[in-house]
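Reader: I am new to this structure, and I would like to learn how to read it. Could you take me through it one feature at a time?

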Amino acid sequence: MFQGKDSQIFGLRCKVSELEQTVAKEQQTRMEGQLHFEQNQQQYSQEKNNLLEQLVDLRQKLEVERAKHHSTKQEEQKNREKLKKEHEQQIETAVLQEYRQQIINVTEEARTQHELNRQQIEQLEHCDQQSRQQSINLAEEARALVEMNRQQREQCQQREQLHRQQIQHIQHMERVARENCAQHQLPESRSWSIQREQVVISDKVLGEGSWGKVCEGQFRGSHVAVKQLHNVILSAHNRRLFKREMEMASRCRHPNLLQFIGATSDDGSILFVTELLDCDIRHLITEHELTAREIVSLALDVAKGLNYLHCNHPPIVHRDIKLDNVLIWRQGDTWRAKLSDFGAANFVREVMTPNPGAPIYSAPEARTDQHSQPVDVYSFGLLVLEMIINELPVPDQIEQQLERISSAELRNLIRACIRQDPRRRPRMEDVINILTELNL
């Protein structure tokens with residue numbers, strides 16, 4: 001047992017000896033490393049000092065080079081500025097020479113142009129003198145022509161005045177002849193004359209105007225429309241006119257003319273009795289927007305009624321075409337129209353008002369004595385225009401109102417009807433043909 005422990009102790013001692021040798025070697029190695037480090041440190045310090053000395057030398061050399069470079073740069077800058085000044089002086093000299101040459105050229109051109117202008121001015125002065133002389137001659141001729149035209153105009157005015165007097169005299173003679181003819185030819189029985197007691201007037205007013213009012217009434221058991229005129233003094237002349245108009249109205253029979261039933265002829269206020277319809281077109285368009293088909297149908301009815309009046313011998317001119325004078329009634333699902341006031345209105349105009357018809361519907365010639373069928377054609381055109389746009393025609397805005405009509409056919413028809421020259425307006429027969437094609 002002791003031998004085993006001795007062997008272990010011996011082994012441990014060997015190990016301790018080995019460790020001591022190892023430690024000794026490490027210490028020797030550390031000392032050698034320390035010595036080597038110190039040697040390297042001294043060598044590094046020496047090399048560092050050498051490098052610092054070289055750096056100082058390089059800095060001094062760099063300063064010297066910089067000083068040389070700066071001196072060289074200043075000399076180059078001076079040389080460049082000197083060259084620049086020389087170049088600018090050369091350019092300035094060349095430009096001045098060029099300007100001098102241009103001034104010389106412009107001066108020569110100006111002298112030449114001045115000479116040309118002087119010559120042209122002399123020519124213009126000569127032409128101006130000739131023009132002045134011509135103007136004086138033309139002014140004298142114009143004065144002579146104006147004087148001649150004035151004399152001719154005075155002669156024309158005198159002839160026109162004489163012509164008007166002759167026309168008025170002829171119209172007066174014709175009127176007297178018609179009155180005399182009517183007085184001798186009309187039967188004394190006067191089939192249109194009715195007794196005042198047979199007319200029952202209600203309180204329902206259908207319309208009212210400057211000449212009187214229209215009321216609903218009854219005549220011999222039938223519902224009728226009764227027109228009551230304001231007091232009109234029936235002189236002998238007015239009574240003859242009244243009889244003539246009533247006789248004419250009683251003879252007019254057409255589906256598109258309001259049926260005239262009769263009138264009183266006693267000394268009281270005049271009563272006109274006609275058939276009773278639903279309303280007039282103006283009242284209709286305030287409550288109902290007309291379709292294109294309804295407009296064409298109503299316009300066609302009015303055209304047929306007017307054509308009947310114009311085809312009479314002698315022709316009957318209505319002279320008061322407007323929406324208020326076109327009465328309508330319902331036939332199935334269609335509105336139909338009849339023209340009214342072709343007898344009573346003519347009598348009222350002759351004895352009460354100097355200017356016939358509503359001004360906005362009146363043709364240009366309506367203010368003269370030349371009343372013929374084209375007067376009604378003009379008013380008819382404006383009536384159709386108002387039906388389409390549902391606005392009163394405005395004299396100075398007619399063209400703008402026409403542009404609002406979508407139908408080119410109706411627009412062209414209205415333009416034709418309202419031409420300023422009465423001779424260029426279509427006849428109502430032509431209007432009927434156009435509207436009939438549109439109504440198909």
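**Reading the model step by step**

Author: Buried means under 20% relative accessible area, exposed means over 50%, and partly exposed lies in between (1.4 Å probe, protein chains only). Ser250 belongs to helix α2, residues 236–251. Helices (H or I, at least four residues) and strands (E, at least two) are DSSP runs, numbered from the N terminus.

Reader: Which residues does Ser250 touch, not counting those up to four places away in sequence?

Author: Ser250 touches Trp192 and Phe260. Contact means heavy atoms within 4.5 Å.

Reader: What should I know about the model itself?

Author: This is a predicted model, where local features need pLDDT of at least 70, side-chain atom pairs count only at pLDDT 80 or more, and totals for chains, interfaces and linings use all residues. Residues are numbered from 1 along each chain as its sequence is written, and side-chain values use heavy atoms, with hydrogens and water left out.

Reader: How many helices and strands are in the protein chain?

Author: The protein chain has 9 helices and 8 strands. Of its 440 residues, 29% count as buried. The chain exposes about 30100 Å², with carbon and sulfur atoms supplying 51% of that area. Accessible areas come from the Shrake-Rupley method with a 1.4 Å probe; for residues, only the protein chains shown count as cover.

Reader: How do I read a nonpolar core?

Author: A nonpolar core is a set of buried Ala, Val, Leu, Ile, Met, Phe, Trp, Tyr and Cys residues joined through side-chain atoms within 4.5 Å. Here the largest one has 47 residues, and Phe380, Met387 and Leu435 have the most contacts inside it. At least two residues of this core come from each of α3 (281–287), α4, β7 (326–331), β8 (334–339), α6, α7, α8 and α9. A second, separate core of 8 residues includes Trp192, Leu229, Met246 and Ile270.

Reader: What does Leu435 touch, leaving out residues up to four places away in sequence?

Author: With those left out, Leu435 touches Val296, Ala299, Leu300, Ala303, Phe380, Leu410 and Leu413.

Reader: How are two packed helices described?

Author: The description gives the angle between their axes and the distance between the axes. Axes are lines fitted to C-alpha atoms, for helices over the stretch in contact, and angles run from 0 to 180 degrees between N-to-C directions. In this model, α6 and α8 pack at an angle of about 145 degrees, with their axes 8 Å apart. Val377, Tyr378, Phe380, Gly381, Val384, Leu385 and Ile388 of α6 make the contact with Leu410, Ile414 and Cys417 of α8.

Reader: Which residues of α8 are buried?

Author: In helix α8 (residues 408–417), the buried residues are Leu410, Arg411, Leu413, Ile414, Ala416 and Cys417. They pack against α4 (292–310), α6 (373–389), α7 (398–402) and α9 (428–438).

Reader: Is Asp301 buried or exposed?

Author: Asp301 is buried, with a relative accessible area of 2%, and its place is in helix α4. Asp301 touches Asn256, Arg336 and Ala337, not counting residues up to four places away in sequence. The C-alpha atoms of Asp301 and Leu257 are separated by 9.0 Å, although these residues are 44 residues apart along the chain.

Reader: What can backbone angles tell me?

Author: Most residues other than glycine have a negative phi, and most peptide bonds are trans. Arg220, in the loop between β2 (212–219) and β3, has a positive phi near 55 degrees. Arg220 is exposed, with a relative accessible area of 61%. Arg319, in the loop between α4 and β7, also has a positive phi, near 75 degrees. A cis peptide bond joins His313 and Pro314, with omega about -5 degrees.

Reader: Which residue does UniProt list for "binding site"?

Author: The UniProt record, an unreviewed entry, lists Lys227. UniProt positions are given in the numbering used here, feature names are shortened, and annotations may be inferred rather than shown by experiment. Lys227 sits in strand β3, residues 222–229, and is buried at a relative accessible area of 9%.
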